[in-house]
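Please have the viewer open as you read.

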Amino acid sequence: MSHPQVLFARRRPGQTVSLETYLQEGGYQALGGAVGKQAPAALRKLVLDSGLRGRGGAGFPTGQKWSFFPADAPGPKYLVCNCDEMEPGTYKDRELLVADPHALVEGMALAAYALGVTHGYVFVRYDYEDVFRALERAVAEAHGAGFLGERILGTDFGFELHVHGSAGRYILGEETSLLNGLEGVRPNPRLRPPFPAQRGLFGRPTTVQNVETLCNVPHIALHGAEWFKGLALTPGEAGTKLFGLSGHLNRTECFELPMGVPLREVVEVHGGGVRQGRRFKACLPGGASTPYLTAAHLDVPMDFGNLDRAGSRLGTAGVTVFDERTCMVAATLNLLTFFARESCGWCTPCRDGLPYVCYLLERFERGQAGREELALLKAQPAFINQSFCALAQGAMGPLEGLLRHFEQELLDHVTRGGCPFGGA
Amino acid sequence: MDAKLEQDIRAEFEPQIRACAHPQELVVHLLRAIQREHGWVPDEGVELAARLLGLQPIQVEEVATFYDKIYRRPVGRRVIHVCDSICCWSRGEQEIRAHLEARLGIRLGETTPDGVFTLLPTCCLGACGRAPAMQVGFRLYGELTPDRVDRILDEERRAAGQGDPP
């Protein structure tokens with residue numbers, strides 16, 4: 001089943017699109033059509049009307065975020081692209097940037113024009129050396145061709161873009177932690193309010209957006225809000241979505257599919273079905289912090305609204321599939337171990353609560369748990385959800401999914417005195 | 001850390017620092033550069049970064065110790081980060097980790113006696129479609145099997161012996 005390709009339209013296996021190819025295939029036309037010709041406010045309105053929502057996990061409407069931004073305020077303001085892609089199961093931004101880095105440069109230049117911003121940063125995780133190199137080259141090429149720097153396309157609009165290489169840690173993907181990381185201070189998250197739109201990088205108004213979100217902007221600018229909405233298969237949704245497939249599938253690749261594509265099509269058609277002919281048991285629909293979906297959810301359309309209604313979240317749309325032989329207690333223990341290790345230690349619910357959840361899940365795996373541990377496990381989310389930032393709240397996603405859909409599996413660990421799948 | 005390294009770092013960073021409105025933002029960049037040249041960041045590296053940026057050493061230290069890919073202790077010439085997050089877990093990460101430990105004769109967190117390899121766990125490397133995966137220096141390796149791990153270790157050991165950068 002083939003679907004319209006927008007973000008991946010220029011993608012070629014094993015290649016990175018150069019400036020020359022990008023221009024041949026329609027690149028920088030959106031920037032040329034907007035800068036000096038369209039009012040920044042009109043571009044902000046267009047993005048609002050398009051229904052674009054953030055692709056980094058939270059799904060906040062981009063146009064609404066931009067409407068809070070003091071675009072006309074004097075003084076420095078910043079646009080930051082979050083490419084600290086470290087949510088387990090998520091690799092779409094890497095695929096996108098290695099294939100087509102100029103798409104981000106153009107998207108950021110357009111967003112900067114819309115928001116009255118003159119300086120931007122791309123925050124790249126340590127391990128994405130391939131992305132870092134592709135972006136540095138694209139920024140240099142764009143600079144040389146007059147798409148970045150002073151007086152872009154001969155207008156009085158200027159925009160400088162810097163690429164920042166980080167040094168590890170998942171928490172940097174939290175936007176206020178990321179801003180501290182960029183400033184060179186210890187990157188614990190910041191208290192909100194003030195929100196970054198008021199006081200962000202270096203105390204100045206700042207907007208932080210995900211890679212895929214920004215890469216959509218040139219297409220919306222070129223083809224309009226109605227076209228963008230029309231890409232989705234489900235009402236009230238908009239655009240395409242990059243789905244990174246992983247886990248027990250035959251084909252674990254990244255695909256651009258319409259928003260609202262049914263989970264069944266993702267798994268059976270694009271993912272080639274569950275490997276070794278086994279049955280689908282569950283999946284994380286959007287990265288490590290999203291509650292599990294089960295075989296009962298295979299007909300759910302993969303979009304923001306439908307996944308909320310199904311008790312989960314679209315998140316990053318990194319779909320990790322588990323076959324029938326997977327112990328969901330062990331899977332959840334793996335996920336919680338990740339979150340516990342990546343906790344920055346700033347607040348008690350996260351620093352102490354997540355290791356305690358791991359301790360309880362280990363007891364189930366080792367056959368040391370009874371109904372008392374089950375009650376304790378159920379009591380954790382209410383406490384841990386009081387955490388300072390969203391990291392620990394995200395960690396509660398798989399735990400709540402486990403308790404909601406696989407309580408019987410926890411009880412089986414109790415009655416059998418250990419893991420029924422032979423784990424631990 | 002030798003004097004030549006300090007000279008090189010100064011030559012690389014002093015113009016950038018002068019041109020930068022907020023020099024502190026260069027701290028991670030500086031620490032990575034020191035690590036690139038020295039393999040890890042010794043106390044003298046923290047102090048050098050502090051001097052160059054006009055900070056107290058503690059302000060650099062609290063940044064350096066936050067990140068798991070800034071090494072504040074000696075490491076081997078090749079640091080292996082083996083992914084243990086969910087996608088790699090679902091595709092045999094435990095077997096790969098056990099094989100690495102057996103083959104290298106070390107546990108996670110240790111360095112081989114010849115100083116070539118340090119073995120560390122890492123969270124998701126963003127190579128979920130190619131699980132199980134590991135990173136050696138800046139090189140990413142996916143679709144690992146024990147045989148493939150053996151070949152990679154041989155190749156990396158040879159490259160380290162020739163003084164190739166990680």
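How many nonpolar, polar and charged residues does the lining of the second largest cavity have? By class, that lining has nine nonpolar, one polar and no charged residues; here Ala, Val, Leu, Ile, Met, Phe, Trp, Tyr, Cys and Pro count as nonpolar, Asp, Glu, Lys and Arg as charged, and the others, Gly among them, as polar.

Before going on, please note that this is a predicted model, in which local features need pLDDT of at least 70, side-chain atom pairs count only at pLDDT 80 or more, and totals for chains, interfaces and linings use all residues. Residues are numbered from 1 along each chain as its sequence is written, chains are lettered from A and ligands numbered from 1 in the order in which they are written, and side-chain values use heavy atoms, with hydrogens and water left out.

**Cavities**

The structure holds two cavities of 30 Å³ or more. A cavity is a set of points on a 1 Å grid over the protein atoms alone where a 1.4 Å probe fits but cannot get out, and lining residues have an atom within 4 Å of a point. The volume is the space filled by probe spheres set on the points. The second largest cavity has a volume of about 50 Å³, and its lining includes B:Cys83, B:Cys87, B:Cys88, B:Cys124 and B:Cys128. Helix 5 (residues 86-89) of chain B gives the most to this lining, with three residues; helices are DSSP runs (H or I, at least four residues), numbered from the N terminus.

The largest cavity has a volume of about 70 Å³. Among its 13 lining residues, A:Cys344, A:Trp346, A:Cys347, A:Cys350 and A:Cys389 are the closest to the centre.

**Salt bridges**

There are 44 salt bridges over all chains, each a side-chain nitrogen of Lys or Arg within 4 Å of a carboxyl oxygen of Asp or Glu.

| Pair | Closest N to O distance |
|---|---|
| A:Glu129 and A:Arg133 | 3.8 Å |
| B:Arg97 and B:Glu93 | 2.5 Å |

B:Asp150 is buried at 16% relative accessible area, while B:Arg103 is partly exposed at 41%; buried means under 20%, exposed over 50%, and partly exposed in between (1.4 Å probe, protein chains only).

B:Arg97 and B:Glu93 sit four residues apart in helix 6 (residues 93-104) of chain B, about one helical turn. B:Glu93 is buried at 1%.

Terms used: On a 1 Å grid over the protein atoms alone, a cavity is a set of points where a 1.4 Å probe fits but cannot get out, and a pocket is an open set with protein on both sides within 12 Å along at least five of seven lines; lining residues have an atom within 4 Å of a point. Helices (H or I, at least four residues) and strands (E, at least two) are DSSP runs, numbered from the N terminus.
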